[in-house]
Every structure is written in C-alpha cells, then in structure tokens.
Amino acid sequence: MCSSAELPKYDRHQSYEWNYERTPSPVSFDIPDVAGDWSFCGLPVDSPLGIPAGPLLNGRWCLYYASLGFDVVTYKTVRSKARECYAMPNLQPVECDQVSDGITELPAASTMKGTWAVSYGMPSMEPDVWRADVEATRNKLPQGKLLSVSVVATVQEGWTIDDIATDYAMCAKWAVESGADVVETNFSCPNVSTCDGQLYQNPDAAQQVADCVRTAVGQIPYIVKIGHVPSRAAAADLLDALSTSTSAIAMTNSVATQVRDGTHLLFDGQRRGICGQAILDASLDQVSIFRQLIMERKSDIELIGVGGISSATDVQRYLAAGANACHLATAAMTNPGIAMQIRSSLEAAH
Ligand SMILES: Cc1cc2nc3c(=O)[nH]c(=O)nc-3n(C[C@H](O)[C@H](O)[C@H](O)COP(=O)(O)O)c2cc1C
C-alpha cells in the first residue's frame, strides 16, 4: 500500500483517454471520522465531503476516491451519444489570486499554483458503456457511500427546448435505472457553445428541463449544477424556477474567461471555465446569496458548495455560508489525500 504522499492521480500532461484507462485501485487507509450527523439530499453520509462532476472519469475513479474519504462521488457528466474530448491542453494552469467581477482574461502559468482553465467539452462514452459502468460501480461501492451521476443533453441542430429536455430526461432516467443514488443535470458548461451550457442563465428553459427530468426520475434526489450567477435578482429567478423540481443546487461550476499565453490567446480565443482556488470567494458569495433566498422562501432545497475548496477552513467557511455539502474537484485531483487531511483537521478542531 502506498503512503498518502505518493497516491496516484490524474496526469494533466497526458490525454483524457490515457487517464480514463489508467485508473488507480481503491486504497485502504484509516479514514478519520467527521463529528456530527451528515446527510446528502436526505440520505445519510459520514461527512459533508464529495467530488463534483469532472475528476471521476469512470467507475474505477469513483471507487478510488470513495476509498480516500469522499462520501459522495459524482460520475463525470455523460450523454446520450459518445463525444470525444477536446484537444490538449485540457487543464491549463493560470495566474490568478481571486477572480473579480468583470474579469475577461487571465495569463497562462507554466506551473500549477492552484487554479487552472478546464477544457474538455464534456466527453462521454456511448450510453451502453457508461450505463453498465454505473451499475457495476454502484454494486462495488461500499454501503454509506453515494454515487451521483451527472448528465447533459447533446443538442442537435434545430432542436427545440422540448427536445433538449427530453434528452436530459432520458439520460437521467438511464442513470437511475443503472443504480445511481442521486442524479445531477449540468446546466452550466462554459466550454461548449450550445445552449445546454448556458441553461442556468435562462430560468424559463431551466425550469422546463428540470421539471421534465423530475418527472422522468421520480422521487430520487435530483441536483442541478449551475455556473456563476451575475446578481441576486438572477439568483432569485433561477431558484424560483427550480423550486418545484430540484432537491439541491450545486455551485459554482467555474468562472469563464479567455486565457492569454504571451501575445496570443489560447483555445482559439474562446472562453474556458476557471476552476480551483481563484474561484473560492466568488463561489462562497454565491452560496451565501442562495442561502438567504432559500431562507426567505422557507424552501428545503439544499446547496452543494463547489469551487476553490482546498482546506478544512474552506469547508467550514462554506458550511457557515449555508452549504449542506462541500465538493472538491481541482484540489482533489492535485492532492488525492486531501479528504483525509481535511477530516483530520476537522476532527482536531472539534
Ligand atoms: C477536470 C475537470 C473536469 C470537469 N468536468 C465537469 C463536467 O463534466 N461536468 C460538470 O458539471 N462540471 C465539471 N467540472 C467542474 C467541477 O465540477 C467544479 O464545478 C469546478 O472544478 C469547481 O470546483 P474546484 O474549484 O474544486 O475545481 C470539471 C472540473 C474539472 C477540474
């Protein structure tokens, strides 16, 4: 067994396919307890810690991170059709302390300092492949760990919002039939140009899709993943649109900017989602705003805090801001032992 310092992890210098194939095996460490009673969308869990959609490319990655002390593992966003990953770089480090309002561009960095631009385009295996994989993964996942599956529509030319909703709902239903404990729809991907990537900015369309998904999945916990919302008024409209269908809202997917390397813009000048430490403050602010709105409405929608979490202090700040759960992508990819470190710190602070 390896020590926590030498745990295998995603290699950003290799392709998505390379990392998909080379999955670490689950480890057996003593995982520190987190004091308190925790639940996720009404289901009991041992801690507020989880992995959001993205880092876990398939079921074996889910099993590995579950063994590292994460209690909710999210299977990377899948589709009704196979889709290839964008060309490398898929993970481009950037220089940034904290993103600020109106930021449009960030400089590329040569080494990873906690923040990167993410450029995958939501690749997916064929449904037959991911459905069988979800089923096998749920069967192998220990009791008490939850498997969430993230889905997105694959928009075709000429599709109406009805078509988009139907495609989302079909994928969500397949995920549930395959054994997912929780299903998530991604309404925010800054890296795709189709409207599924911006649904969270259109409350009417978001409501139509979310209602359709809810009808398809029955009573199972259902999460909507959203991006960076520009104002309190926009947050209120979105919350109201999702109130009849959604168990929880996960935020924040990322903050989109262009990335400059010297004199030229990377990614053909298109914006990419900035993820990691630099979105901590913006995501925390957004969680606070949604929590206030939820309290005003006496709603029971839960909030999943995502964005820039890399320490027990960050977890405590999210919980204080009103998050019910805290999910880590970037920090968990660069430091797979982080859940154990956070759990130890939370235990010591108790
Ligand atoms: C490698 C990578 C891939 C991602 N892919 C997805 C995805 O497929 N679907 C999704 O909803 N979010 C995706 N995300 C966004 C994360 O779920 C998360 O919202 C974001 O990384 C912010 O969290 P962090 O600051 O802890 O990284 C991805 C993020 C990373 C780093």
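Student: How many bridges join strand β3 (residues 49–51) to β4?

Tutor: This is a predicted model, in which local features need pLDDT of at least 70 and side-chain atom pairs count only at pLDDT 80 or more, while totals for chains, interfaces and linings use all residues. Residues are numbered from 1 along each chain as its sequence is written. Strands (E, at least two residues) and helices (H or I, at least four) are DSSP runs numbered from the N terminus, and two strands pair if DSSP finds at least two bridges between them. β3 and β4 run parallel, and the number of bridges joining them is 2.

Student: Which hand does the crossover from β3 to β4 have?

Tutor: The chain passes from β3 through helix α2 (residues 59–67) to β4. A crossover is right-handed if, with the strands pointing away from the viewer, the path from the first strand over the helix to the second runs clockwise. This β-α-β crossover is right-handed.

Student: Which residue in β8 is the bridge partner of tyrosine 75?

Tutor: β4 is joined by 5 bridges to strand β8 (residues 146–151), and the two run parallel. In β8, the partner of tyrosine 75 is valine 149.

Student: Is threonine 257 buried or exposed?

Tutor: Threonine 257 lies in strand β12 (residues 255–261). A residue counts as buried if 20 or more other C-beta atoms, placed from the backbone, lie within 10 Å of its own, as exposed if 12 or fewer do, and as partly exposed in between. Because threonine 257 has 20 other C-beta atoms within 10 Å, this residue is buried.
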